[in-house]
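Good morning, and thank you for coming.

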Amino acid sequence: MRKLLLLVLVFLSGMSYAVAQNAVTGTVTDENGEGVPGANIIIKGTSRGTITDMDGAYSLDAASSDVLVFTYVGYSTVEIPVGSQNSINVSLSEDIAALDEIVVTGYGTQERKEITSAVTSLNEEDFNKGLVSNPMGLLEGKVAGLSITKPGSDPNGGFTLRLRGISTVGANASPLVVIDGVIGGNLDLVDPADIESIDVIKDGAAAAIYGTRGSSGVILVTTKKGTAGTTRVDYNVSTSVDQIARSMKIMTAAEYRALPGAVDFGAETDWLDLVTRDGVSQVHNLAVSGGTANTTYRVAMNYRDQQGILKGTGFSNVNTNLNLSQKAMDGKAVFDVNISYSNKDASYGFGNEGFRYAYMSNPTMPIYDPNSIYGGYHERTIFDYYNPVSIVEQNTNEGNDNLFLGSLKGTFDLSAIAEGLNASVSYTRQITDTERGQYYKKTSRFRGSDRNGLAVTDNAQYTFDLFEGTLGYNGQTGDLGVNALVGYSYQEFFNEGYHAEGGDFLTDAFSYHNLGAAADFNNGLGSVWSWANSSKLIAGLARVNLNYDDTYFLNASLRYEGSSRFGANNKWAAFYGVGAGVSIHNLIDVATIDNLKLRLSYGQTGNEPGSSYLSLQRFGPAGNFYYNGAYTSSYGPTSNANPDLAWEIATHLNVGVDFAVLNSKLFGAVEYFTRETKDQLLSVNVPVPPNLVGQTLLNIGTTKNTGIEANVNYNVIDNGNINWTTGVVFGTNTSELVSWTKDDLSFGGGVLYRASMGSPGQSDVSLVRVVEGETLGQIWGPRFEGVASNGTFQFADLDGDGSYCDCDDDREVIGNGLPDFTLGWTNAMTIGDLDISMFWNGEFGHDLFNSYRGFYENAGPTVVGNWNVVNTSYFNQDVTAAAANSSHVEDGTYFELNNITVGYNLKDVTKFMRNLRVYVSAQRPIMFTNYEGVDPVSRWTDYGDPLSQGIERRETYSRARTFTLGVNITL
């Protein structure tokens, strides 16, 4: 006990050094002699250090035996022994290959040269430019193997993220997001202007330390922090205009009238023009940062107001963020506080229906009818038709999101106990409140008139608490550097919400704000329900990184994790990763080779179900019946118990080569990877009895992904006044369903059919086939051979029995929805104070089934008598019936100018203005493609189904091009 007390007293008394300390001061400058703010100065072999202020100045207590290590992103590392010096000034030179770049990894950082896994890092200068409202938009097309797609330009639409293909068929398929160390942080809390860097972990060895959620990759977001020195004020303002860039080709009124059987109402109406507009947006970012040697801060406020190109869509968002860092105990303790808050008012509108019915509407039909009972809008009481102007103008679909994140982290230098020892402890709470409201007017034929007004509300709250603690060691023994860490992680989730829906109102005045006024609740037609769920993740973790002579590297990690979402027999599992690398350039003497490193990594990661209690036998409402003058709910089983429900296990292998040659003018990396995922989580049909419910969530099947990735950059010109760097990212991927079995059962005979074509008339048609032993992404259907004399399609007799039958024997793979490869091409140039950036990207080799064409590209009486006719180059007036087939599958390959930005910088404009930059930007102004649908971007899911790819549905929001004028001011 006395020894323990003595140890505590030593620690709290300041943990004084065993040798004398002197204040070392100096300035860190760049090649032009200008001070470098935010440069890191660390005493080698310890975690003690400081950062430079706005002028590049620093002060640090160090012993004569210490070595100071100076680092800054994009510059070569400099190491200088202190000796008898009291003043050390350092000039950093730019390192294009960035071997000493600090890379954020799981629970820590490493220098780029020490990385043995596939990790891609992007800093602010690498991000996509222009109007980017979601952090993932900064990465679109920038990371080899990372597909970030968003068909159309809905301002409230989200991105679909897939890293290295289809990682799962039933669990979470998107990469895990970690924001400033917070696992599962909500990206809506982070404004793109507040992000300093994003690191993407692509292989299992590096992701294994995140265990259960690392199978689909990890995206690590680092936000901007304050630096010591003079207070800095950054203000960015921009205005953007969105214009519709692509739309479905349909007939004009004149073209439609020329068709046999046309129903002519006498008007000429451009429905698409009536429901769309030029969307105007404005963005304001204000940040104040600064601090002292012991306290640094950055506080930011961001305002975004964005209109969509469809009327009634857009959002207004206010986001605030505080990053505060406080040193204590003579710098041996650092406390970091992060508080983020976001409030978003969104008008979701009716993007799906607005565009769909604008394309479908008869172009000779008038907008209004003074005798109409539908609010004065002209309507037709036919199947699947609603006036699109009425939909957009009469109805409401909106919401509000309130998000909060508070995080506190303490980091402690325990060198008084053992040199190089450190510890950290952190706590985070994140709360997301969502409110959704819809109201369909009494006069709206779309969902409202048949209910005499309809109101729908949904409210939910999603909360998690995260506690983590680590104990680390960072030391050097001769030529061997050791960085080790052990830790504990506890994360608890609680979610709850309710839904209410009712109709039959006396007035529209209440909108969705007074459901008590709905008469439906008196006649049993209204509905109200609430829900709640919780889950826990608990883990122990360990990692060790070895660096021998900056030549041989070994990284190993382990996470033992338990999840409450699994069956009683399989709640815990271990995930591990091992990576090794060798810097070959240190072993050979070739003047033109500046860096050549071979990497090999292997690891296992996991995945869990998307919701709780799926392994349990559950009971709930199973229907309503009328009894004794009232409606009563009956209860019954809603799921089957599965105590053996277990983790998906993904095994990753990655082989990589990093290179830099010709004085680092040409540099990059090449990767080869495989990922095999076993025990996939998927709900499958099971017999009743013996089961109580017809579907059970099981571990079934194995998928495999294989691919090659490359990232190659070349510094074309670098002569001080003119700089030009160009780079290419390239990625391929093949996704295969290896097996589809469970024990001795084979579900569906190893074949599944997905993605119903839908109505009218084709609900029994499946567009996607999933087959054991074959690639995923298959589009399935009959092969088009011609048009019969009666106007119907003629299809190939594939089984050779003399006639075509509407059966599998006469169907085949008619396309594949997954790209063969992706390509991104970046160019960045500076000419004096002028900067120019240009980024092209594309997807190649994927197919898309064009649903509009499959339904409406024919001159038959069903289409012509009810809707407009799709009029692409494939239109054949001889076709008079709709039937999905190979002629509706198109090559979705595209290559587009994603963004081009031109800016001009003025330095020291006034006494108080350090920098002024004016820029113009254009996003998606040019696209090369032969696809004639709305948007050729690949579809990785269909209505959320991860097994269905390559279908463009009728609900696609149209694509926009964006033009931006902006100003960046630094005071």
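Let us begin with the surface. Tyr 548, Tyr 552, Leu 587, Ile 588 and Val 590 together make a nonpolar patch of about 440 Å². One of these residues, Val 590, sits in the loop that runs between β28 (572-583) and β29 (593-607). Is Val 590 buried, exposed or partly exposed? Its relative accessibility is 36%, and the limits are under 20% for buried and over 50% for exposed, so Val 590 counts as partly exposed.

Before going further, a word on confidence. What you see is a predicted model. The average pLDDT of the protein chain is 90, and 95% of the residues score at least 70. Residues 1-19 stay under 50 in pLDDT, and for this stretch the model has 15 contacts beyond four places in sequence.

Now to the aromatic rings. A pair of such rings is described by the distance of the centres and the angle of the planes. How many aromatic pairs are there in this model? The count comes to 32 aromatic pairs. Consider the pair formed by Phe 844 and Phe 895: the ring centres are 6.0 Å apart and the planes meet at 40 degrees, so this pair is tilted. Phe 844 belongs to strand β49 (residues 834-844) and Phe 895 to strand β52 (residues 894-907), so the pair ties together parts that are 51 residues apart in sequence. Phe 844 has a relative accessibility of 17%; because buried means under 20%, Phe 844 counts as buried.

Ring pairs also build a cluster, which links Phe 350, Tyr 357, Tyr 385, Tyr 386, Tyr 440 and Phe 446. Tyr 357 brings us to helix α5, where this residue is among the buried ones. Helix α5 (residues 351-360) is mostly covered, with nine of its ten residues buried. Which elements cover them? The cover includes β17 (229-246), α4 (271-275), α6 (388-394) and α8 (851-856).

Finally, let us return to a loop. Ser 415 is found between β22 (396-413) and β23 (421-440). With a relative accessibility of 16%, under the 20% limit, Ser 415 counts as buried. What is Ser 415 in contact with, leaving aside its neighbours within four places in sequence? The contacts are with Arg 48, Gly 420 and Leu 421.

Thank you for your attention.

Conventions. Residues are numbered from 1 along each chain as its sequence is written. This is a predicted model: local features need pLDDT of at least 70, side-chain atom pairs count only at pLDDT 80 or more; totals for chains, interfaces and linings use all residues. Side-chain values use heavy atoms; hydrogens and water are left out. pLDDT is the predictor's confidence in each residue, from 0 to 100. Contact means heavy atoms within 4.5 Å. Patches are made of residues with over 30% relative accessible area and no salt bridge: like charges are joined within 9 Å, nonpolar side chains (Val, Leu, Ile, Met, Phe, Trp, Tyr) within 5 Å. Accessible areas come from the Shrake-Rupley method with a 1.4 Å probe; for residues, only the protein chains shown count as cover. A salt bridge is a side-chain nitrogen of Lys or Arg within 4 Å of a carboxyl oxygen of Asp or Glu. Helices (H or I, at least four residues) and strands (E, at least two) are DSSP runs, numbered from the N terminus. Buried means under 20% relative accessible area, exposed over 50%, partly exposed in between (1.4 Å probe, protein chains only). Rings of Phe, Tyr and Trp (its six-membered ring) pair if their centres lie within 6.5 Å; planes under 30 degrees apart count as stacked, over 60 as edge-to-face and the rest as tilted.
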